[in-house]
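Visitor: I would like to check some labels against their definitions. Please show me the model.

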Amino acid sequence: MYRLLSLIKTGTDVLEENRKRTTVVIVNVMAIIPAILALIMGPVLFAITGSWQTLIYPWIEAGILTAAVILNKRHQFNRAALLTFLVHSFGLFFFGLFLGRAACIEGIVIFMIGFSFLLFERRKEQILSISSLLVIALLLELNSFYNVVPHLPYPESAGNLMYTIIFFLVTFLNIMVLRFYSQDFSDWIRRLEIKSNSKSNFIAKTSHDLRGSINVIESILEDWFDPAHTAPGESITVSYDQVSNMYFATQDVKLVMNDVLSLSKIESGSYDDITRSTVSVREWLAKRAAGYQVLGNRKAVTVTCHIEDDVPDYIVTDAAKLHRIVINLLTNAIKFTRNDTIVKLHVYQQAGTTICLDIADEGLGIEEKNLEKIFSPYVSQQHQQTESTGLGLTISRHFARRMGGNITVRSVPGTGSIFTLTLPLEQGTPPQTKILPPAGHQINAAHSHEPLLPFHVLVVDDDIMCRTIAERLLSKMVRSVMVADSLDNGLWLANEQPPNLILLDLNMPGISGKEMLHKIKHHPRLADVPVIICSADAYEETIADMKNFGADGYLVKPITTSSQLYNEIVKFTPTIAN
């Protein structure tokens, strides 16, 4: 019995998703049990019909079904499923042809239709499989009516016996199919309930996250601006600490939103691609530690950074994902540690093949039974105050594993915790310097100097704040900037002064982004003008869809730095020059 259960689970060792594991188990069951039955039924049918075909063909079918299990063991799941379906379909046709009514065709067809729904997930595959079964059933009915291929001769009593045996076997298989189908449906309902509960939990926690950061910004702004006592144009005194607190509050908000987007990609199976680049380890980590010292100052927490001498100056990794991991771990360490303590960031290498990054806090620690639970979404230590959504560690470990590493934790309750990030160590070389707008460069139409880029840029956005920010950033780097609050106004401006580049908001009132892009690309004077979509929609599906539709570039709002904007529009210099 144990060996049979092991065979049924063949190939599921590498699968984590329940739906895929269930499908593989179903294929194994529908291969192993019919193979055993075929080996038994061969001699029985031979004894009844006296035909060697009824002995050999079931054994051949059993051998091919065994091959389906072998394919699953080699993780060739699609081929195994298709082979199992084809073998059963051929068996239906063969036995229906040679045994006639005694083959219990109706029962086998019903079984195979139910089997198709379990075997194939795509609607197209289900329709094709069911259609082929109906065609086979129709051909067998026509053969039975016209007797084109006569069935094997056997006594009527023997035919009734074969019908009864096959009927009970098919009924048994149908019961198994219904059992798997009901179990899969129950699992689906259970997962739906879990997601619903998680969604409610997530909304509450995310609301808390955003509200906390927004309250920081609002309280600082209230210190600066009092509508009842502040006159327009009056000077406002701003302190460095206030600006720093606002900056890191906005970083916290961005971190929450990025975690939301990343988790939705993970759950949908749309995993982030790895983008490799060279990172200056010492400078990069020192800046993060110094930056988050501002956050530590709120709790009198000191953030230290120590990098061992044998760590290379440059490594090759995914800088964006490394940034997300480090700021998640640093933020958690600062939030969970006690006041007036030290958060230590320690970087070292192991065996020359792995780079390790320890982030240690002096908080209340984590009980051993909860060390793995904290990596699950929405889970945090009991009796600890946290401003986290509970997504940070989930996202961070996922990214680390995607990059070929991992995140582990060790902790002593009452003393603190140490989170360790390990990544494959690949030494890099100093990257070539990127061309960025010089800091504080104030070149615009009012100055006599030449602009960095000889472009005429049109900005189309219905949000006045977005237009203001884009105009302010662009005025430092291009020849002229035109702004419009609608596509019609933008097209009118384009007729007055044809732009070299268009920045287009994706979501405008009364018209979709694709409609606007279509109008621009089919405009006689704008067909060859590069269009960069600017939108807060950061989903990879939207970005890919708009680029496939004709967008030349895509910038995710908010656009906060001139370098971010410059590095995107400078790509189109050769196009505009031509």
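Visitor: What makes the five strands β9-β8-β10-β11-β12 an open sheet?
Guide: In this predicted model, strands are DSSP runs (E, at least two residues), numbered from the N terminus. Two strands pair if DSSP finds at least two bridges between them. Five strands join in that order, with parallel pairing. β9 (478-484) and β12 (553-556) each have a single partner strand, so one side of each lacks a neighbour and the two stand at the edges.

Visitor: How do you know that β8 and β10 pair?
Guide: β8 (residues 453-460) and β10 (residues 501-505) share four bridges in the parallel sense. The cut-off is at least two, so they count as paired. Val460 has Leu504 in β10 as its bridge partner.

Visitor: What makes helix α12 pack on the sheet?
Guide: Contact means heavy atoms within 4.5 Å. Helix α12 (residues 464-474) touches β8, β9 and β10. Its direction makes about 170 degrees with that of β9; angles run from 0 to 180 degrees between N-to-C directions, with axes fitted to C-alpha atoms, for helices over the stretch in contact.

Visitor: Why is the lining of the largest cavity called 16 nonpolar, two polar and one charged?
Guide: Ala, Val, Leu, Ile, Met, Phe, Trp, Tyr, Cys and Pro count as nonpolar, Asp, Glu, Lys and Arg as charged, and the others, Gly among them, as polar. By that rule the lining residues divide into 16, two and one. α2 gives the largest share, five residues.

Technical notes
Residues numbered from 1 in each chain as written. Predicted model: local features only at pLDDT ≥ 70, side-chain atom pairs only at ≥ 80, totals over all residues. Heavy atoms only, no water.
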